[in-house]
Amino acid sequence: MAMAMMEKCRASNRIFSHSFKSLLNYRSISDNSTLRSSSGFAHHFTGNGQRCIPFFPFHRPDLLTCANFYRNYKQTLWPSLERGLGGMMYSLQCRCFGSAGTKIQRNPSFATLNSDDITYFKGVLGEKNVVQDEDRLEFVNADWMHKYKGSSRLLLLPTTTDEVSQILKYCNSRHLAVVPQGGNTGLVGGSVPVFDEVIVSMSSMNNVIDFDEVSGILVCEAGCILENLISFLDNQGFIMPLDLGAKGSCQIGGNVSTNAGGLRLIRYGSLHGTVLGLEAVLANGNVLDMLGTLRKDNTGYDLKHLFIGSEGSLGIVTKVSILTPPKLSSVNIAFLACKDYLSCQRLLLEAKRKLGEILSAFEFLDSEAMDLQVLNHLEGIRNPLPPSMHNFYVLIETTGSDEAYDKEKLEAFLLRSMESGLISDGVLAQDINQASSFWRIREGIPEALMRAGPVYKYDLSLPVENMYNLVEDMRVRLAEKAKVVGYGHLGDGNLHLNISAPQYDDMILAKIEPYVYEWTSKHRGSISAEHGLGLMKANKIFYSKSHETVQVMASIKKLLDPNGILNPYKVLPHSLTSY
């Protein structure tokens with residue numbers, strides 16, 4: 001008993017006095033970023049688990065730079081990966097994905113590109129914004145993992161809404177399929193072609209249009225890089241309500257189109273709440289001006305919500321107005337250890353009750369995530385709570401306006417939690433470097449998993465009390481065949497289930513799917529918490545939505561895009577979207 005009390009005292013003292021050397025002042029790629037993925041195409045993955053698109057912190061590089069990088073990657077790494085996969089590469093006219101091996105055929109109603117089309121687009125956009133260069137096309141045809149790879153022969157770079165309108169009007173008249181593309185940081189195949197769709201990149205539409213310092217309302221074009229907006233607002237004394245690890249590459253239009261969640265949804269809510277208005281171009285070229293800046297507008301149907309999370313399948317978002325909160329001066333971060341998942345749940349409940357208005361993030365990871373992935377596969381990362389490993393870890397962030405009050409409130413909460421046994425150890429960041437190192441552990445998990453080797457990833461919403469049961473069930477189901485890792489946004493019931501395997505294997509995939517989807521559906525969860533459906537989960541939507549609901553979605557799609565040219569084969573089941 002005395003020894004236990006001494007250990008608890010030491011752990012409690014560590015929370016308030018421990019200050020270890022900065023691990024790494026670096027914000028990595030979070031689970032809502034380019035380093036997330038799901039199961040996807042059977043056999044069609046990179047085999048070395050290395051990142052093949054650089055992370056650009058403050059700006060998106062021009063496409064020529066990216067193309068040069070991609071060409072070097074292709075010449076050095078890709079041949080060995082292809083050999084490692086036994087030559088099983090993509091067929092350009094037929095795609096296979098999922099455990100059932102579903103095949104997708106190119107829609108025969110879509111036209112193919114010809115020289116007259118190229119001439120028209122050059123007349124609208126100018127020669128430099130009509131890209132046919134093979135290397136640049138190869139870069140935008142693939143997602144960063146080469147899990148999804150199309151065969152588009154044309155990239156268009158509009159600079160205005162009117163140009164987007166002219167592009168879509170022409171493509172609709174010609175029955176040319178189109179895929180909108182932002183930062184291309186998605187993980188479910190939503191932002192790359194399936195076949196030869198024309199790629200319409202929003203990267204050149206990257207201007208801040210207006211910012212109201214009184215209301216905090218930002219109006220900007222869809223191609224603005226999230227981190228650039230964060231930097232702009234920081235100078236104005238405000239913050240973006242959305243924070244992702246992929247902020248250096250992702251674009252606000254893509255964030256809105258996928259209803260990106262991120263790390264601080266528990267504090268600021270989803271984009272359905274913070275986006276006040278948007279401008280979108282329909283398939284026929286009509287521009288819907290819904291770019292309102294009012295917090296209250298009860299006139300008719302609020303159509304903007306159709307486009308938030310529709311993944312470019314109903315229209316291309318060109319402008320966004322978003323409510324941004326003021327920047328607060330007091331930020332505190334604690335990295336804690338819990339003995340079991342029940343303690344994590346109870347800690348979350350107590351945090352909501354006792355920290356209330358200052359709670360801004362509540363993240364969790366299990367021992368597999370810490371041990372197998374972060375500590376063994378990321379350079380410079382050390383365990384903040386040595387020497388022993390714990391079953392679960394929790395990262396808590398608070399944000400407020402009174403530094404002394406906020407810190408006192410957090411410390412009192414942590415002390416009570418330690419005394420009640422909810423926390424078995426913990427440390428409170430003493431400076432910005434330590435705070436960054438804590439976030440690096442949490443955000444580095446996806447990168448560490450990829451470095452460890454092949455990984456199957458699932459993004460699920462589940463009732464918090466049931467969430468980790470799925471992780472434990474999968475461990476029993478897979479036994480020694482693979483390592484099962486669980487982490488995510490506990491504060492909003494979002495589990496990132498990761499299954500790390502020695503190699504991509506249809507037998508392992510068959511053990512995972514459709515079991516994961518069936519389990520999620522049985523517990524009234526969602527098969528996509530924040531990644532979207534894209535190509536990979538389009539046919540899985542019925543696990544989360546009723547047939548009647550999906551049929552209404554298909555009717556809306558048919559109304560707004562009667563020829564089905566916008567991001568085809570994505571979001572909705574292929575049986576309902578064949579035109």
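Me: How are strands and their pairing read here, and over how many bridges do S13 and S14 pair?
Reply: Two strands pair if DSSP finds at least two bridges between them. Strands (E, at least two residues) and helices (H or I, at least four) are DSSP runs, numbered from the N terminus. This is a predicted model, in which local features need pLDDT of at least 70 and side-chain atom pairs count only at pLDDT 80 or more, while totals for chains, interfaces and linings use all residues. Residues are numbered from 1 along each chain as its sequence is written, and side-chain values use heavy atoms, with hydrogens and water left out. Here S13 (residues 359-366) and S14 (residues 392-400) are antiparallel and joined over seven bridges. Within that pair, Leu365 has Tyr393 of S14 as its bridge partner.

Me: In what order do the seven strands of the open sheet stand?
Reply: The order is S15-S12-S14-S13-S17-S18-S16, with antiparallel pairing. S15 (425-428) and S16 (455-461) are the edge strands; each has a single partner strand, so one side of each lacks a neighbour in the sheet. From one strand to the next, the twist averages 15°.

Me: Which strands does helix H16 lie across?
Reply: Angles run from 0 to 180 degrees between N-to-C directions, with axes fitted as lines to C-alpha atoms, for helices over the stretch in contact. Contact means heavy atoms within 4.5 Å. Helix H16 (residues 445-452) lies across S13, S16, S17 (483-489) and S18 (494-500), and runs at about 150° to S16. Helix H19 (residues 515-522) also packs on the sheet, where it touches S16 and S18; its direction makes about 15° with that of S16.

Me: How many disulfides does a search of the whole structure find?
Reply: A disulfide is a covalent bond between the sulfur atoms of two cysteines. The criterion is a pair of cysteine sulfur atoms within 2.5 Å. The search finds zero. For Cys220, the nearest cysteine sulfur is that of Cys224, 4.4 Å away, which is too far for a bond.

Me: Is Cys220 buried or exposed?
Reply: Buried means under 20% relative accessible area, exposed over 50%, and partly exposed in between (1.4 Å probe, protein chains only). Cys220 is buried at 1%, and Cys224 is buried at 3%.

Me: What do the totals for the chain say about burial and contacts?
Reply: Of its 579 residues, 58% count as buried. Among contacts with a separation of 6 or more, 76% come from residues 24 or more positions apart. The chain has 20 helices and 18 strands.
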